[in-house]
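Subject: Structure handover

Hello,

Here is the structure I promised you. Please open it first, then read my notes below.

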Amino acid sequence: MNEIKTILSEANNIVITTHKSPDGDAIGSSLALFHFLKKLGKKVTVVVPDAFPQFLNWMEGVEKILHYDKQEEEVISIIKAADLIFALDYNGLSRIGDLSLPVAASSAKKIVIDHHQNPQEFADYYVVDTDACSTSQLVYELIEKLGELDRLDEIIGSCIYCGIMTDTGSFRYPSTTSKTHQIIAHLIDLGVDGSQIHEWVYDTYSMNRLQLLGYALTEKMKVFPELNAAYISLSQEELKKYNFQKGDTEGLVNYPLSIEGIKFSTLITEKENDISMSFRSKGNFYVNELASENFDGGGHIYASGGRSLLTLEETIAKLEEVIQCYKSALTS
Ligand code: 5GP
Ligand code: MN
């Protein structure tokens with residue numbers, strides 16, 4: 001922490017990066033750190049590899065975020081000028097896609113703040129806690145350890161609140177601790193309106209999005225009651241039919257887990273160039289290893305992702321085989 005303090009005091013041009021398809025925790029933790037570092041008088045830029053869902057657009061500062069897929073040259077020159085780069089909510093360069101090229105080439109000091117398993121070696125400092133519910137909580141704790149909690153305000157607090165809320169499934173996953181609730185209590189005391197944030201994130205569906213959810217659950221969910229597993233698959237054609245927008249399938253993978261007994265759920269989504277996989281589990285069944293060994297991915301024990309270069313049909317067949325392979329773990 002002392003070394004981080006020194007690096008922070010010496011740094012002037014800071015870049016904050018986060019993972020591809022950024023979620024509430026990625027954007028929440030990045031913008032919280034952004035506003036905090038601004039208060040310390042730093043020049044700070046948040047860079048994301050690609051777009052994030054519209055339901056995060058209420059956050060203060062989103063319009064200042066640079067998108068590498070659209071503003072490549074600007075990002076490259078800002079990263080070249082950086083003396084410190086933060087890596088938030090990811091722990092391996094593959095998670096930021098092509099943005100990894102300028103980041104890896106940069107001689108700036110790099111600090112990872114993250115809560116995923118198995119960090120890769122690409123940074124100078126690692127503020128990692130795999131038990132932490134979210135990177136946003138780790139940003140709060142970093143500010144706390146720096147002795148700077150006095151600088152927190154409603155704006156920083158709202159970003160942290162959003163990250164904790166989205167990564168804990170609204171404060172209900174096992175990663176939610178008394179410390180998490182203490183942080184939330186402090187944020188509410190700062191004026192953060194949790195109910196409003198909940199509404200902005202979860203109650204701003206388009207009609208298409210809600211109907212896609214209904215269709216996916218009614219027509220596309222396959223349940224294996226004897227294996228305690230289920231999956232949902234969606235093709236490009238189906239997504240187009242419901243005018244799919246980024247973020248529209250966020251949370252969908254969790255629904256099968258609410259069926260009694262089901263402890264493993266997968267969402268298979270056909271993208272333009274590959275197939276994206278989302279895995280969720282609970283109880284004694286973990287998905288991170290399943291994701292890394294079979295679907296070129298990884299993540300947390302109860303929430304992982306991956307991809308497949310097979311066709312949608314082949315991917316579904318492979319998943320069904322994988323589910324069979326894990327039969328004993330799934331039924332124990
Ligand atoms: P999601 O299903 O929401 O896309 O991802 C679930 C979790 O797994 C997230 O915490 C995400 O960061 C992580 N994750 C998703 N894809 C990958 C991947 O390809 N590799 C690794 N290591 N983690 C991933
Ligand atoms: Mn996270």
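**Charges over rings**

The charged end of lysine 241 lies over the ring of tyrosine 215, 5.6 Å from the ring centre. Arginine 209 does likewise with tyrosine 205: its charged end sits over that ring, 3.8 Å from the centre. Please keep in mind that this is a predicted model.

**The manganese site**

Four protein residues supply donors to the manganese ion (ligand 2): Asp25 (OD), Asp89 (OD), His115 (NE2) and Asp167 (OD). They lie 2.2 to 2.4 Å from the ion. Along the chain, the donors follow the spacing D-x63-D-x25-H-x51-D. Aspartate 25 and histidine 115 come from distant parts of the chain, 90 residues apart. Aspartate 25 belongs to helix H2 (residues 24-39). Histidine 115 is in the loop between S5 and S6. Both aspartate 25 and histidine 115 are buried.

**Aromatic pairs**

How many aromatic pairs does the structure hold? There are 11. One of them joins tyrosine 90 and phenylalanine 122, and this pair is stacked. The ring centres are 6.0 Å apart, with 10° between the planes. The two residues are 32 apart in the chain. Tyrosine 90 is in the loop between strand S4 (84-88) and helix H4 (100-105). Phenylalanine 122 is in the loop between strand S5 (109-114) and strand S6 (125-128). Tyrosine 90 has 1% relative accessibility, so it counts as buried. Phenylalanine 122 is at 16%, and therefore also counts as buried.

A tilted pair is formed by phenylalanine 224 and tyrosine 231. Phenylalanine 224 and tyrosine 231 are both buried. There is also an aromatic cluster, made up of Phe264, Phe279, Phe285, Phe295 and Tyr326.

**Nonpolar cores**

The largest nonpolar core has 50 residues. Which of them touch the most other members? Phe86 and Ile113 do. Setting aside residues up to four places away in sequence, phenylalanine 86 touches Leu8, Ile14, Val15, Ile16, Thr17, Leu33, Leu37, Ile111 and Ile113. A second core is separate and has 21 residues, including Leu227, Phe279, Ala291 and Ile323.

**The six-stranded sheet**

One sheet is open and has six strands, in the order S7-S8-S9-S10-S12-S11. The pairing is mixed. Strand S7 (221-224) and strand S11 (298-299) are the edge strands. Each has a single partner strand, so one side of each has no neighbour in the sheet.

Going along the order from S7:

- S7 and S8 run antiparallel and are joined by four bridges. Lysine 222 has tyrosine 231 in S8 as its bridge partner. The two strands form a hairpin with four residues between them. In the turn, asparagine 228 has a positive phi of about 60°.
- S8 and S9 are parallel, paired over six bridges. Isoleucine 232 has leucine 267 in S9 as its bridge partner.
- Strand S9 (residues 264-270) and strand S10 (residues 275-281) are antiparallel, with seven bridges. Serine 265 has arginine 280 in S10 as its bridge partner.

Is strand S8 (residues 229-234) buried or exposed? Six of its six residues are buried, so the strand is largely enclosed by the rest of the structure. Ala229, Tyr231 and Ser233 point one way from S8. Ala230, Ile232 and Leu234 point the other way.

**Serine 175**

Where is serine 175? It is in the loop between helix H6 (154-167) and helix H7 (178-189). Its relative accessibility is 22%, which means that serine 175 counts as partly exposed. Serine 134 is 41 residues from serine 175 in sequence, yet 8.5 Å away in space, C-alpha to C-alpha. Apart from neighbours within four places in sequence, serine 175 is in contact with Asp131, Cys133, Thr168 and Thr180.

Best wishes

Note on methods: Residues are numbered from 1 along each chain as its sequence is written. Chains are lettered from A and ligands numbered from 1 in the order in which they are written. This is a predicted model: local features need pLDDT of at least 70, side-chain atom pairs count only at pLDDT 80 or more; totals for chains, interfaces and linings use all residues. Side-chain values use heavy atoms; hydrogens and water are left out. Rings of Phe, Tyr and Trp (its six-membered ring) pair if their centres lie within 6.5 Å; planes under 30 degrees apart count as stacked, over 60 as edge-to-face and the rest as tilted. Buried means under 20% relative accessible area, exposed over 50%, partly exposed in between (1.4 Å probe, protein chains only). A charge sits over a ring if NZ of Lys or CZ of Arg is within 6 Å of the ring centre and within 35 degrees of the ring normal. Donors are N, O and S atoms within 2.8 Å of the metal (3.2 Å for Na, K and Ca); water is not among the atoms, so sites may look incomplete. A nonpolar core is a set of buried Ala, Val, Leu, Ile, Met, Phe, Trp, Tyr and Cys residues joined through side-chain atoms within 4.5 Å. Contact means heavy atoms within 4.5 Å. Two strands pair if DSSP finds at least two bridges between them.
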